[in-house]
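Here's a quick briefing to read alongside the model.

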Amino acid sequence: MRPNRFHLLLLFSVFVVATCGLIYELVAGTLASYLLGDSVTQFSTIIGVYLFSMGIGSWFSKYFDKNLLSWFIQIEILVGLIGGTSSTLLFFLFEQTESFRLVLYMMVMLTGIFVGLEIPLLMRILENRFEFKELVSKVFTFDYIGALLASVIFPLLLIPHLGIIRTSYFFGLLNIGVALVVLIQFSKEINWFKRLQFQAFVSLLLLLAGFVYADRIMSFTESMAYPDKIIYAKTTHYQRIIITKNQRELRLFLNGNLQFSSADEYRYHEALVHPGLAALPYAKNVLVLGGGDGLAVREILKYPNINRITLVDLDKEMTSMFTQNSMLANLNKHSFSNPKVKVINADAFTWAKSHTAQFDFIVVDFPDPSNFSIGKLYSNRFYQEIEKLLSPEGIVVIQSTSPYVAPKSFWCIDKTLQSVGFNTVPYHVYVPSFGEWGYVMGMKKHDYQLPANFPAGLKYVNRESLKQMIYFPADMAKVPTEVNKLNNQVLVHYFEDEWAKYL
Amino acid sequence: MSGQNTYNQSANLLSRLNRKAFLLRAGIGLTAAIAGGYLFNRKRSAKTAHIKGSIIGANAKIGHLLRDKLSIPEPSTTEEIEYLIIGGGISGLAAARELKRQGISSFKLIELDNHTGGNSSKGKNEISAYPWGAHYLPIPDPSDSSIISFLTEIGCITGFSPEGLPIYNEYHLCFDPEERLYIRGQWQEGLIPNLGLSLEERTEIERFFKLMEYYKTAKGIDGKYAFAIPLKDSSSDPTFINLDKISFITFLEKEKFRSKHLLWYLNYACKDDFGSTLNETSAWAGIHYFASRKGKAANAKNGDLLTWPEGNAWLAEQLRSQVADHISVNSVAFNVSVNNDSVLTSVYNTVDHKSKIIKARKVLLATPQFVNQRLLHEVNSDRSTSVYEQFSYAPWMIANITIHQLPVSKGIGLCWDNVMFESDSVGYVNACHQHVNQNENKKILTYYLPLTGKEPKIQRLVAFTRSYNDWVDIVCKDLENSHPGITEFIETVDIWIWGHGMVRPNPGFIWGEAKRMASQPINDKVFFAHTDLSGISIFEEAFHQGIAAAKSMTSTETHNGNS
């Protein structure tokens, strides 16, 4: 091999090695911020630990005396393997391990030590082939160019296009690639050729597989979507339940959509229940459709005149969780254990269709109409089933997405209720974690009168705030829409269009 | 696929054919099928071995009874009755309903299978009911009073708007989203190809539908619509009925329609409604598909559909329940003879293995012509073999597929009707689409494959030669194109072969002599109703056939065969 080509190859290795090294550091920092939150702390400590570990690696490099080239290749393979799989391992271990931080910093240290070994080893391989000042100048030039490249492409290209998991596999593959090229070019100078070749190929296959199947790995680990620490994750027959926690609040997500934050859910649930129920002093029998978290039931139980609450929720796991888990049951004040409350796990549409008993107050608290399946629960047919279940003097209230973000969706629900004969009273409230949120009350005949009395201890709803709630300023004013029917599902189309602008 | 037909086995395949030529063609077809079976069958074990199911219909044994008349005992008893209806498909059931509406009680309907409905049949498992044949009814023309009154009495129409337009039960109107097409690697909304078409092709497609709009409102010199449902109400103006003499493809060539995507779509439409290809379908029938539907409603638009998880078996059940006391299932008619004052029908019961004679004043044959040909071989009439030979029937394969998950694919999500561009099949229908409950992952997909390509007789033979494994391979291979990885999610595939799935409106048939001859009552004693006497196999035709035949049977006027 001609010396020129030899030098170029090794210097190119420096460049790749430097890029990869910085990428692993960025991957670890990003992941830690995603998973643990508080990105300043995470990045700062990760960078510190990483640099320190590189120092340890550099210090260790003096103990390598013979077979430098072989050792270099060996270390390249190890760096590729550990760095390449790091994001997957970290994601996976996050849900499995108690002391995630320990694992995280161990990984960072290990990668750091190996990366720290690389440059000193390379410099020593090259030491007899360059003048010292040339050597230092060249190696560090390439090292820093690699670092610049990594820090620019990581946020601009890699994270948006490859995603964090593919990025680490990709750079793992580059490390192995360097190992293989050096191995083949210098095959005569390598002592453990066979062994290294085998290792390199096995690692190559492993990383390739990871790169190809990254999407599946990702679906395991959607944790990135959640800014706070995940304290509970479960896939039930119907949905993916995630609960996250930080110092201030607990958040529940169903299929990635925020259902409530413990910090302000009282606003949402007070607004859901009291404008209707406080206007029905003689109400006895209440039906809740959806609302498997028990928070609406908690509000309903504030009325001593109510002697029976029937809650129909599809997902048994959800209602059991909010009955048994003490942290969650504290949130709903153990409402599901109250003898007045009966929980039925059934499909709401099918249940409503097949029942005839009448209720004085009905709460309809379903997820937003983001797909055709849920869209059916906002159709005129469904509201006709509700009409059948509502006593002549009763009130039904529907959670109706945001009248600010999705005015057509909101007013479509209003119009659909009217189309089956309800008089409606739309209203809205500001819930900090959701934004401006809307509800529609429907009633068969009487005009709605603002209630005179509310249960004691409410934090948001009273006669004064309710006056504001039923007032719609111009930016949320009524817009003309069609009626949502099973055979047109216009609401799902409105909802998709309107929310798409916000996502 | 919509329409009706009770008998499904090939009748006397080898007779009256150019034997040598037929054997040669059949030989080629069968060799291909068997060789295909050997080559591909072996591979099934690997990817599709987990799939359970079987060929569960149609029941070939009963059909063959009629053909071979083996082991049928001599009739020992005689039953007397005013009217007898043979065949429990939609035509026969509609006729029975009509008799009942006229206040007649002395009548009976016999059906060879263990259930009525014909090819509006259904199956059911723990996930859903599903169709084994016809699966929808487009909202009808509000002036079609007999269908409108039927739909009203069964709760499918819940009322009428002030303008007099029917209000449909919205649980029966096909839910949104309705249709999608897999083309260029993704699913587009609607079945008419749109994605990635050139401006030229789009313009041509627009021009085609404009032309169809013209035919939709066109009337003949007799003042009738050129294309109507029921078909017999169409104008007989030669300007229009001459279109029956040429094939649809000839018509399209003459009108300079050349867009590959338009022609694919029209061929799909012919396969879907008639079981025949563009060159096997008459231009009149092809246009009828697009120009005859004049449905209107207060809460639906023209072209909207009524459908149920079990398809038109739901409608068949509504008809059946109105006349249930008059129905005998498992009863095969194997001979009809006409006396001076009565008609004698020999009937074999496939459960107690006894035969009897039913002596009726008049008999209505709501059966296809290849069955009538056998039943009437002792009866003198003008019908010759050449009349029967004009009737051609498309064989179909239907698969009901249980899946526990549908792989994610590009484009819009699962619809009611899902069609794949350039697939041999006409796609699949999600049988769970009309469920109101929240989506469960398990679903039943009803997959429809009209067996076109070779002449129907050969296709039929090939179809009955194929093994269950062959069919599973065919289905999976087709679905894998649009749903890579779906095979592993399939739990069961059940197969139904309709040997005579539906009558095919070949050029010259609908307005031809054979159909007219076969419709003529015999001596005011034997009457006929079947979609093959319309020439297109849809619910509306069967329904009107049955009512018209029942009316003419009970009419006090004497018939002399020229009605």
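**A buried aspartate, and what's around it**

Asp293(A) counts as buried because it has 25 C-beta neighbours inside 10 Å; the label "buried" needs 20 or more other C-beta atoms within 10 Å of a residue's own, "exposed" means 12 or fewer, "partly exposed" is in between, and C-beta atoms are placed from the backbone. Keep in mind that this is a predicted model, where local features need pLDDT of at least 70 and side-chain atom pairs count only at pLDDT 80 or more, while totals for chains, interfaces and linings use all residues. Residues are numbered from 1 along each chain as its sequence is written, and chains are lettered from A and ligands numbered from 1 in the order in which they are written.

**The UniProt binding site in chain A**

- An unreviewed UniProt entry puts the feature "binding site" at His269(A) and Asp293(A); UniProt positions are given in the numbering used here, feature names are shortened, and annotations may be inferred rather than shown by experiment.
- These two span 25 residues in sequence, yet no two of their C-alpha atoms are more than 10.9 Å apart, so they gather at one spot.
- Asp293(A) sits in the loop between strand 5 (285–290) and helix 9 (295–300) of chain A; helices (H or I, at least four residues) and strands (E, at least two) are DSSP runs, numbered from the N terminus.
- Leaving aside neighbours within four places in sequence, Asp293(A) is in contact with Leu252(A), Gln259(A), Phe260(A), Phe322(A) and Asn332(A); contact here means that the C-beta atoms of two residues, placed from the backbone, lie within 7 Å.
- His269(A) belongs to helix 8 (residues 265–277) of chain A.
- With 26 C-beta neighbours inside 10 Å, His269(A) is buried too.
- Not counting residues up to four places away in sequence, His269(A) touches Leu295(A), Ala296(A) and Glu299(A).

**The UniProt active site in chain A**

- The "active site" feature, again from an unreviewed UniProt entry, is placed at Asp365(A).
- Look for Asp365(A) in strand 8 (residues 359–365) of chain A, where 23 C-beta neighbours inside 10 Å make Asp365(A) buried.
- Beyond residues up to four places away in sequence, Asp365(A) touches Leu272(A), Val288(A), Leu289(A), Gly290(A), Gly291(A), Ala296(A) and Gln399(A).

**Helix packing in chain A**

- Helix 4 (residues 100–126) and helix 5 (residues 132–185) of chain A have axes that come within 11 Å and cross at roughly 145 degrees; axes are lines fitted to C-alpha atoms, for helices over the stretch in contact, and angles run from 0 to 180 degrees between N-to-C directions.
- On the helix 4 side, Ile119(A), Leu122(A), Met123(A) and Leu126(A) meet Leu135(A), Val139(A) and Asp143(A) of helix 5.
- By class, that helix 4 and helix 5 contact has six nonpolar, no polar and one charged residues; Ala, Val, Leu, Ile, Met, Phe, Trp, Tyr, Cys and Pro count as nonpolar, Asp, Glu, Lys and Arg as charged, and the others, Gly among them, as polar.
- Ser86(A) lies in helix 3 (residues 68–96) of chain A and is buried, with 25 other C-beta atoms within 10 Å.
- Ser86(A) and Thr111(A) are 25 residues apart in sequence and 9.0 Å apart in space, C-alpha to C-alpha.

**Domains**

- Chain A is assigned domain 1 (3–225) and domain 2 (264–500), with bounds that come from an automatic or database domain assignment.
- Taken over C-alpha atoms, the centres of those two chain A domains are separated by 54 Å.
- Chain B gets domain 1 (19–61 + 392–503) and domain 2 (72–122 + 311–390 + 509–554), with 31 Å between their centres over C-alpha atoms.
- Six residues of domain 1 of chain B are in contact with eight residues of domain 2 of chain B.

**Chain B details and the chain contact**

- In helix 9 (residues 283–291) of chain B, eight of nine residues are buried.
- Those buried residues pack against helix 5 (199–217), helix 6 (238–241), helix 7 (248–254) and helix 8 (260–274) of chain B.
- Asn59(B) and Trp496(B) are 437 residues apart in sequence and 9.3 Å apart in space, C-alpha to C-alpha.
- The contact between the chains takes 13 residues from chain B and 15 residues from chain A.
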